[in-house]
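Open the model in your viewer and keep the sequence panel beside it. The stops below say what to select and what is there.

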Amino acid sequence: MHIRYSKYQKELSLLGDLLFLNIFYIIGYYFTFTGIETILNSNYFELLLFFNIAWIISSFIIQIHDTTRTTPFEIVLRRLINALGLYLILIFAFIGIKGQEFYKLYVLQSYFLTSLGLTIFHLSFIIFLKYW
């Protein structure tokens with residue numbers, strides 16, 4: 001009997017997205033501030049938490065994880081680009097509310113790094129599901 005695990009696809013996709021988002025955020029923090037020892041005691045941990053919340057919100061609004069094995073790649077890519085755009089808008093809104101607490105260049109760098117990580121994981125996950 002061959003068992004498919006498609007019923008866990010949404011959860012695995014969201015978990016992988018958050019894992020890659022956090023890994024790429026920490027890599028950016030490490031190269032900007034030369035270490036990760038101080039991340040828990042800084043305002044940037046709050047920014048990390050908001051990055052996670054913003055991605056969860058944007059992925060559920062755009063319904064990026066509601067794909068099947070047969071969803072065309074163009075639709076998946078369009079949803080990913082829309083979700084990354086909403087993610088950017090939410091981050092800018094958060095920075096606008098918080099004011100001058102964050103280094104602006106780092107926020108932009110973190111957005112690009114986390115977007116890169118999300119894109120790498122999400123597209124490779126979809127390609128893996130299509131051919132597995």
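Accessible areas here come from the Shrake-Rupley method with a 1.4 Å probe. On that basis, the protein chain of this predicted model has an accessible surface of about 8000 Å², and carbon and sulfur atoms account for 71% of it.

**Whole chain**

Start with everything selected and coloured by secondary structure. The protein chain has four helices and zero strands, giving the pattern α-α-α-α along the sequence. Its C-alpha atoms fill a box of roughly 55 × 25 × 20 Å along the principal axes. Of the 132 residues, 39% are buried. Take the contacts between residues at least 6 apart in sequence: 78% of them join residues at least 24 apart. Next, colour the charged side chains: 9 are positive and 7 are negative, with the centres of the two sets 11 Å apart.

**Helix H1**

Select residues 9–33, which form helix H1. H1 has 25 residues and reaches 36 Å from its first C-alpha to its last, close to the 36 Å expected at 1.5 Å a residue. Now show its buried side; the buried residues include Leu14, Leu18, Leu21, Phe24, Tyr25 and Tyr29. Which helices do the buried residues of H1 pack against? They pack against helix H2 (43–62), helix H3 (73–98) and helix H4 (104–131).

The structure holds 19 aromatic pairs. For one of them, show the side chains of Tyr29 and Phe33: the ring centres are 4.8 Å apart and the planes meet at 50°, so the pair is tilted. The label follows from the cut-offs, because planes under 30 degrees apart count as stacked and those over 60 as edge-to-face. Both residues lie in H1, four residues apart, about one turn of the helix. An α-helix has 3.6 residues a turn, so residues three or four places apart point the same way.

**The loop between H1 and H2**

Step on to Thr34, which follows H1 and is found in the loop between H1 and H2. Thr34 has a positive phi of about 50° although it is not a glycine. Most residues other than glycine have a negative phi. Thr34 is exposed, with a relative accessible area of 68%.

Then select Gly35, found in the loop between H1 and H2. Gly35 is buried, at 5% relative accessible area. Leaving aside residues up to four places away in sequence, Gly35 touches Tyr29 and Tyr30.

**Helix H2**

Move to H2, residues 43–62. At 1.5 Å a residue, its 20 residues should span 28 Å, and the end C-alpha atoms are 28 Å apart, which agrees. Buried residues of H2 include Tyr44, Phe50, Phe51 and Trp55, and also Asn52, Ser58 and Ser59.

**Last stop: Gln63**

What is the phi of Gln63? Its phi is positive, about 60°, although Gln63 is not a glycine. Gln63 is partly exposed, with a relative accessible area of 44%.

Methods. Residues numbered from 1 in each chain as written. Predicted model: local features only at pLDDT ≥ 70, side-chain atom pairs only at ≥ 80, totals over all residues. Heavy atoms only, no water. Phe/Tyr/Trp six-rings, centres within 6.5 Å; stacked < 30°, edge-to-face > 60°. Helix = DSSP H or I, 4+ residues; strand = E, 2+ residues; numbered from the N terminus. Expected span 1.5 Å × (residues − 1). Buried < 20%, exposed > 50% of the residue type's maximum accessible area, 1.4 Å probe, protein only. Contact = heavy atoms within 4.5 Å. Lys, Arg positive; Asp, Glu negative; His and termini not counted. Charge placed at Lys NZ, Arg CZ, Asp CG, Glu CD.
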